[in-house]
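Student: I would like to take a close look at a single part of this model. Please guide me through it in one connected answer.

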Amino acid sequence: MRDARPLNKAKASRKPAAPFQRRLIVMLKIPILGRVKTRLARQVGAVAATAFYRHTSAAVLGRLARDRRWETSLAVTPDRGVCNGVWPRSIKRQAQGGGDLGARMQRIMAHPSPGPVIIIGTDIPAVRACHIAAAFRLLGSVRAVLGPARDGGYWLVGMRRCPRVERPFQNVRWSSEHALADTLAKLQPPHVALTSVLGDVDNAHDLSLTNGLHGRRTLPIAIPAADATCKTSTVDEWLCGTRTAGRPQRV
């Protein structure tokens, strides 16, 4: 009978690598009167603007944070608000840090943990879990995904972060109709995709279009037709103004 061979401890103790974790980061501010939705507040008043921000934040987190297909965490500004009790304590938090919006998003994307990351804000009342799931699916075949907003900006940005982290946020004209185009111009090949077009809320007209789309607890039954599906648009279709559904366009 052959003697038993010595056990290779290194080989026996080796564990399979953990799968990449999908991460959804929700960027938000402490809902202090006069400090949130300031452009909206100039038209509807600070009380109404702050109430909108609080209610839609609660609705967005209520719809997305419980989904087990990704891990949801908050990126809070100002930094001292990380421990604020206005949001569920079960959701992980991190400070956004200093700098403009681009610097803060780049800091989130540079987080050392592996896996795809999607960043959204909280002023998109129509966002649903299917929109986030569709964006993560796109990241299985492209390096970056953007969710165009109707005003020329974008409500979602996601990156696969492998083999490298893209750096598309420098010198972007934030809060303008050029934000999406500026960011697309910085993304490197092989490809990027656009997901659903949704509307953010920056003024009284935007707010009037969201009747029933935000609230403390429930998602509305009726959703405007433009937001009711989770389709994608190609980069070319967006830039040409057609915004129709189609496969992701490599650029």
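Student: Which residues does D200 touch, not counting residues up to four places away in sequence?

Tutor: A word on the source comes before the answer. This is a predicted model, in which local features need pLDDT of at least 70 and side-chain atom pairs count only at pLDDT 80 or more, while totals for chains, interfaces and linings use all residues. Residues are numbered from 1 along each chain as its sequence is written, and side-chain values use heavy atoms, with hydrogens and water left out.

With residues up to four places away in sequence set aside, D200 touches D123, I124, A149, D151 and D206; contact means heavy atoms within 4.5 Å. D200 itself is found in the loop that runs between β7 (192-194) and α7 (204-208). Helices (H or I, at least four residues) and strands (E, at least two) are DSSP runs, numbered from the N terminus.

D200 is buried, a term that means under 20% relative accessible area, with exposed over 50% and partly exposed in between (1.4 Å probe, protein chains only). Lys and Arg count as positive and Asp and Glu as negative; His and the chain ends are not counted.

For comparison, consider V157, which lies in strand β6 (residues 154-159). V157 is also buried, its relative accessible area being 4%. Beyond its neighbours within four places in sequence, V157 is in contact with M105, M109, V117, I118, I119, V145, L146 and F169. One of these, L146, is 11 residues from V157 in sequence but 4.6 Å away in space, C-alpha to C-alpha.

Terms used:
A salt bridge is a side-chain nitrogen of Lys or Arg within 4 Å of a carboxyl oxygen of Asp or Glu.
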